[in-house]
Amino acid sequence: MSRRLLRACGALAAGGALLLAGCSEDGGGKPAGGDGRDRKGGTSAPAPGTQAPSPTPTAVDLRLDPSRAPKTTADAERLALAVVAGPDSWGPDYVKRAPYLSAPGSWPVLDKDCTWEGGARPRTVLASVTAYSEIPAAGGKGPLRVAATVTVHRTESDADWELAETLEEALRCPDQRLRENERITGLMSLGTPYGVNGNATTADSVLERGDYHNDAFKQPQYYSWYQTRIGQVTLASVVKGAPGYTESVTNSDQVRANVLMQERIRKQWGAQS
């Protein structure tokens, strides 16, 4: 594993062992956009009378070249497409799902009934792209479906709000319906900002863990969402478990996909060190 991947695994082990275990070295419905939780909704403008979280400058952010930060929708879309993790980032057995990329402008929202529905992209978001991959069903194993999302916000504060809302969603809706035949239950979330519990790779991160229910499977499977922030960009990788797979097999794939996106952000953004 790369040094950055080792640090990311160390942070998860320190801060989220109960949520995400087995970060091993050898591990491995909405049309045209998948279910909402694959490409989870972000934030909207702060409610009246509230104050947005104040991002604290970190060593991670200070290594980026501010002059190369995306400022337009076109720049943000180019960045998101260059960074988002496709099947090769997850591992050799993964292939593209159909459709492979989320529909332009799509933005899922968790409604009051804890169901993911389509919504309008917030004005705080310049661009957001999700790439869907899977290991097809074979050899008695079910289809293992994963996704990666890159969301480019206008400001770091806006990106902070997305992570804050992610934490709030799990508290408000520990049981969520993804689509008609899919849901997650018992969702827990854990936030780990830079410098806490070994997080030395991103300005902030959120880890979620729950049980994934699919009408096509006889037993519940595991569900894991790992989201990180670098500057005004959030990076998410999600795994919906399938029969024949254990978390110890897929956790490394999930972290690897996220870390590769982190490294691409730094390369695209002109990291200074």
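User: Which residues of helix 5 are buried?
Analyst: This is a predicted model, and helix 5 covers residues 156-172. Buried here means under 20% relative accessible area. In helix 5 the residues that count as buried are Ser157, Asp158, Ala159, Asp160, Glu162, Leu163, Thr166, Glu169 and Ala170.

User: How far does helix 5 reach from its first C-alpha to its last?
Analyst: Helix 5 has 17 residues. At 1.5 Å a residue, the expected reach is 24 Å. The model is close to that, with a reach of 24 Å.

User: How far apart are the end C-alpha atoms of helix 6, and what span should its residues give?
Analyst: Helix 6 runs over residues 247-268, which is 22 residues. At 1.5 Å a residue these should span 32 Å. The end C-alpha atoms agree with that, being apart by 31 Å.

User: Which residue with a positive phi follows helix 6?
Analyst: Helix 6 ends at residue 268. The residue in question comes after the helix and has a phi near 75°. That residue is Gly270.

User: Is Gln254 buried or exposed?
Analyst: Gln254 is found in helix 6. The cut-off for a buried residue is under 20% relative accessible area. Gln254 has 0% relative accessibility, so Gln254 counts as buried.

User: Which side chain does the side chain of Gln254 join in a polar contact?
Analyst: Gln254 lies in helix 6 and is buried. Its side chain has a polar contact of 2.9 Å. The partner is the side chain of Ser224.

User: In what order do the eight strands of the open sheet lie?
Analyst: The pairing in this sheet is antiparallel. Strand 1 (95-101) and strand 6 are the edge strands, each pairing on one side only. Neighbouring strands are turned against each other by 25° on average, direction ignored. The order is 1-4-5-10-9-8-7-6.

User: Which strands of the sheet does helix 6 touch?
Analyst: Helix 6 packs on the sheet, and its direction makes about 20° with that of strand 9 (221-230). The strands touched by helix 6 are strand 5, strand 8, strand 9 and strand 10.

User: How many residues lie between strand 6 and strand 7 in their hairpin?
Analyst: Strand 6 (residues 176-179) and strand 7 (residues 182-191) pair in the antiparallel sense over three bridges. Gln176 stands opposite Ile184, and Arg177 has Arg183 as its bridge partner. The number of residues between the two strands is two.

User: Which residue in strand 8 is the bridge partner of Arg183?
Analyst: Strand 7 pairs with strand 8 (residues 204-214) in the antiparallel sense over eight bridges. Arg183 is also the bridge partner of Arg177. In strand 8, the partner of Arg183 is His213.

User: Which residue in strand 10 is the bridge partner of Val150?
Analyst: Strand 5 (residues 144-153) and strand 10 (residues 233-240) pair over eight bridges, in the antiparallel sense. In strand 10, Val150 has as its partner Leu235.

Methods
Residues numbered from 1 in each chain as written. Predicted model: local features only at pLDDT ≥ 70, side-chain atom pairs only at ≥ 80, totals over all residues. Heavy atoms only, no water. Helix = DSSP H or I, 4+ residues; strand = E, 2+ residues; numbered from the N terminus. Expected span 1.5 Å × (residues − 1). Buried < 20%, exposed > 50% of the residue type's maximum accessible area, 1.4 Å probe, protein only. Polar contact = N/O pair within 3.5 Å; in protein donor to acceptor, adjacent residues only side chain to side chain. Pairing = 2+ DSSP bridges. Axes fitted to C-alpha atoms, helices over the stretch in contact; angles between N-to-C directions. Contact = heavy atoms within 4.5 Å.
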